[in-house]
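The sequence and structure come first.

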Amino acid sequence: MTLVKENPTHLEAPPINVLFEEAHRRRQRRWMIGLALSLVLVVTAATTLVLLRSGHSGRSAVTVDHGQRSPVTPVSAATTPGVAWIDYDAQLHVGNPITGTQRVVATNTGASPVVPLVEANGRVYWVDTKTTFSPQSGDSLPTVHDFNLANGQVRSDGTGQRVFLSADKRDLMIYRTASDLSEVPIGRSGPTRQFTIPFGWALSGGAGFALPAAVANGFVAERPSGQPGVFTFGIWDPGSGHIRVIGNEWGIIDSFTPPGGHASLLALVPAHCGFDRACTIKIITSTTLAAVSVHDPLPYGFDVGGAFSADGRKLAVFVRTNSGAVNPTTQMAVVTTRTGALHLVKGARSNIGESVGWAQWLPGDRTIIGGALAGTNFSSTAFLDNHYLVNAGTLAAQPFTLIANRDLDVNFSAVAFSSPH
């Protein structure tokens with residue numbers, strides 16, 4: 001499969017989208033500065049139709065501490081888990097988080113360790129971000145590449161600034177400019193479809209470099225709200241061109257769509273969470289916007305970052321452990337999406353330099369791998385305890401690392417998958 005290449009000189013966005021794109025880039029640069037000062041990011045089946053059809057009312061969360069650090073139950077022996085990430089030397093690693101093995105499979109990728117990778121159909125996708133593109137820069141669009149997990153081949157897939165998956169995970173979405181989106185079939189023949197994003201809007205990447213979010217019959221879009229660091233979010237239906245406004249939010253945690261589903265779950269961090277006030281996370285149903293509220297258990301609010309389990313029943317999130325503009329640690333928690341009940345993972349508390357964490361569910365939904373941005377104290381103990389393997393059933397956690405060098409180890413860019421071997 002080769003992605004259709006287009007002439008980048010024809011991709012200039014309308015003036016208002018140029019301004020939006022620059023504003024979005026400034027927001028990302030602010031995150032980049034914090035990340036650079038911290039030096040490293042350290043370790044980021046369907047749900048029932050009843051859940052998606054039900055009208056969800058906000059319910060009180062229940063906090064339960066599971067403080068034991070007993071061994072974490074691994075994924076099923078019949079499943080071989082894999083994880084891929086980009087290190088701070090732009091090398092692509094592939095490893096097994098259960099056995100602790102890893103290897104470098106590609107060098108000089110140009111990919112960023114603060115942009116999540118995408119895996120689909122046995123291929124890991126990334127974007128060469130060495131060139132910062134804007135419609136007025138004169139630079140060419142970055143190049144999309146993929147690594148074939150089965151045969152080790154690296155392929156060029158055309159141009160774009162971000163890649164992510166469609167809601168049904170059957171298509172690769174290539175976000176080209178503030179106004180251009182391409183849809184390319186994965187592992188099957190079919191035409192490449194092109195979409196024009198509505199004037200004045202852009203696909204939401206959320207805070208913390210989250211990938212754009214796809215939902216059933218659409219995508220999450222955003223535009224400046226007029227408040228610093230806050231964006232107005234909406235669900236864009238590319239078929240009708242209509243955008244249904246959700247509200248002002250700080251960022252997206254993740255989205256989930258069951259196979260063949262006509263509705264999705266979308267986890268959002270409200271706008272006021274960005275100002276370190278106690279807040280709730282919202283898990284909304286995309287078709288009705290009905291919401292389940294996940295209440296702050298400490299109460300100091302939530303950091304951005306996390307992930308739905310593969311069946312949509314659980315959501316990994318990150319809870320702030322103190323008040324104030326600078327929060328030295330964040331704590332992983334697991335939410336039951338049907339009720340909003342939250343369970344703290346007491347043994348998975350991570351040093352942070354920015355209010356962002358990451359999590360990935362290993363195949364089988366029995367184990368979570370994740371952590372947060374390392375703090376300024378890079379002692380060996382602080383580093384090793386900064387990301388964890390967590391048993392999703394018992395919430396037992398154990399420190400986890402694959403490489404002792406923090407610049408090379410698993411980080412925010414990580415993506416988990418079932419290994420083809």
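Asp303 and Arg320 are joined by a salt bridge, with 2.9 Å between the closest N and O atoms. The model is a predicted one. This pair ties together distant parts of the chain, since Asp303 belongs to strand β20 (residues 302-308) and Arg320 to strand β21 (residues 314-320), 17 residues apart. Asp303 has a relative accessible area of 0% and is therefore buried. Arg320 also counts as buried, because its relative accessibility is 1%.

The count of salt bridges in the model comes to eight. Three of them are set out in the table, including the pair just described.

| Salt bridge | N to O distance | Location of the residues | Separation |
|---|---|---|---|
| Asp303 and Arg320 | 2.9 Å | strand β20 and strand β21 | 17 residues |
| Asp146 and Arg123 | 2.9 Å | strand β6 and strand β5 | 23 residues |

Asp146 is in strand β6 and Arg123 is in strand β5 (residues 123-127), so the pair links distant parts of the chain, 23 residues apart. Asp146 is buried, with a relative accessible area of 0%.

### The network around Asp146

Which residues are linked with Asp146 in a network of salt bridges? The network consists of Arg123, Asp146, Arg155 and Asp157. Asp157 is part of strand β7 and is buried, its relative accessible area being 0%. A polar atom of the Asp157 side chain lies 3.3 Å from the backbone nitrogen of Asp146. The side chains of Asp157 and Arg155 are joined by a polar contact of 3.0 Å.

Strands β6 (residues 143-148) and β7 (residues 154-159) pair with each other in the antiparallel sense, over four bridges. His145 has Ser156 in β7 as its bridge partner. The hairpin of β6 and β7 has five residues between the strands, and Gly152 in this hairpin takes a positive phi near 80°.

### A four-stranded sheet

Elsewhere in the model, four strands make up an open sheet in the order β3-β2-β1-β28, with antiparallel pairing. Why is one side of β3 and of β28 left without a neighbour in the sheet? β3 (101-106) and β28 (415-418) stand at the edges and each has a single partner strand, so one side of each has no neighbour in the sheet. On average, neighbouring strands of this sheet are turned by 25° against each other, with direction ignored.

Strand β1 (residues 81-86) pairs with β28 in the antiparallel sense, over four bridges. In this pairing, Val83 stands opposite Ala416 of β28.

How values were computed. Residues are numbered from 1 along each chain as its sequence is written. This is a predicted model: local features need pLDDT of at least 70, side-chain atom pairs count only at pLDDT 80 or more; totals for chains, interfaces and linings use all residues. Side-chain values use heavy atoms; hydrogens and water are left out. Two strands pair if DSSP finds at least two bridges between them. Helices (H or I, at least four residues) and strands (E, at least two) are DSSP runs, numbered from the N terminus. A salt bridge is a side-chain nitrogen of Lys or Arg within 4 Å of a carboxyl oxygen of Asp or Glu. Buried means under 20% relative accessible area, exposed over 50%, partly exposed in between (1.4 Å probe, protein chains only). A polar contact is a pair of N or O atoms within 3.5 Å; within protein, one must be able to donate a hydrogen and the other to accept it, and residues adjacent in sequence count only if both atoms are side-chain atoms. Axes are lines fitted to C-alpha atoms, for helices over the stretch in contact, and angles run from 0 to 180 degrees between N-to-C directions.
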